[in-house]
Amino acid sequence: MNPKKTPANLGAQLALFSLLAGGASILFCFSPLIQFPLGMVGSTLAILSRLYSDNHFSGQAMAGMITGAIGVVLSLLTFAMVMFVYHVILPNPELGPQYNQILQQFMDGVGNGTIPAL
């Protein structure tokens, strides 16, 4: 039995997919190259679901919009932190070696099993 594709049903499906994409964008918090597009897709699908649902946001669409926006903001913050490290910390003659030493200690701890791997 195939359910009919009504505009309300399509709006509910878009809202669900916006929630899933927004949630996935938060889970990929260490990869802004994946996180940013997922957040944008989540927000876009939430807006599209509004068009198919009599111009109101359902609960899932609102949650998809919020999680998508959080994912976009987190990806921009992560990208800004990476740029800060590469352009300010590493070129500094005092902070660069200290940062590399701390990073090496962390990587050694992950390799020894003292720090659980992500």
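**Ground rules**

Because the model is predicted, local features need pLDDT of at least 70 and side-chain atom pairs count only at pLDDT 80 or more, while totals for chains, interfaces and linings use all residues. Residues are numbered from 1 along each chain as its sequence is written, and side-chain values use heavy atoms, with hydrogens and water left out.

**The overall picture**

Helices here are DSSP runs of H or I with at least four residues, strands are runs of E with at least two, and both are numbered from the N terminus.

How many residues does the protein have, and what percentage count as buried? There are 118 residues, and 25% of them count as buried. Buried means under 20% relative accessible area, exposed means over 50%, and partly exposed is in between (1.4 Å probe, protein chains only).

The protein exposes about 8300 Å², with carbon and sulfur atoms supplying 72% of that. Accessible areas come from the Shrake-Rupley method with a 1.4 Å probe, and for residues only the protein chains shown count as cover.

Now for contacts, meaning heavy atoms within 4.5 Å. Take the contacts between residues at least 6 apart in sequence: 59% of them join residues at least 24 apart.

Leu14 sits in helix H1, which covers residues 7-27. Leu14 counts as buried because its relative accessible area is 14%. Setting aside neighbours within four places in sequence, Leu14 is in contact with Leu45, Leu48, Ser49 and Tyr52.

Ser43 belongs to helix H2, residues 32-52. Ser43 is buried too, at 13% relative accessibility. Leaving out residues up to four places away in sequence, Ser43 touches Gly64, Met65, Gly68 and Ala69.

Thr67 is part of helix H3, and its relative accessible area of 17% makes it buried. Beyond residues up to four places away in sequence, Thr67 touches Ser18, Leu19, Gly22, Gly23, Ser25 and Ile26.

**Residues with more on show**

Leu51 in helix H2 is exposed, with a relative accessible area of 57%. Asp54 is in the loop between H2 and H3, and Asp54 is exposed at 70%.

Some pairs of residues are separated along the chain, and the table gives their C-alpha distances.

| Pair | Separation along the chain | C-alpha distance |
|---|---|---|
| Thr6 and Tyr52 | 46 residues | 9.0 Å |
| Leu14 and Arg50 | 36 residues | 8.9 Å |
| Leu51 and Leu10 | 41 residues | 10.0 Å |
| Asp54 and Gly11 | 43 residues | 9.1 Å |

**The largest pocket**

Rolling a probe the size of a water molecule over the atoms shows where empty space is left. On a 1 Å grid over the protein atoms alone, a pocket is an open set of points with protein on both sides within 12 Å along at least five of seven lines, whereas a cavity is a set where a 1.4 Å probe fits but cannot get out; lining residues have an atom within 4 Å of a point.

The largest pocket has a volume of about 180 Å³. Such a volume is the space filled by probe spheres set on the points, which are joined across faces, edges and corners.

Which residues line the largest pocket? They are Cys29, Phe30, Thr78, Met81, Val82, Val85, Tyr86, Leu90, Tyr99, Asn100 and Leu103. Helix H3 (59-89) and helix H4 (95-112) each supply at least two residues of this lining, and the largest share, five residues, comes from H3.

The lining splits into nine nonpolar residues, two polar and no charged. Here Ala, Val, Leu, Ile, Met, Phe, Trp, Tyr, Cys and Pro count as nonpolar, Asp, Glu, Lys and Arg as charged, and the others, Gly among them, as polar.

**A note from the record**

An unreviewed UniProt entry carries the annotation "transmembrane region" for residues 65-89. UniProt positions follow the numbering used here, feature names are shortened, and annotations may be inferred rather than shown by experiment. In the model, the span 65-89 is 100% helix and 0% strand, and its end C-alpha atoms lie 35 Å apart.
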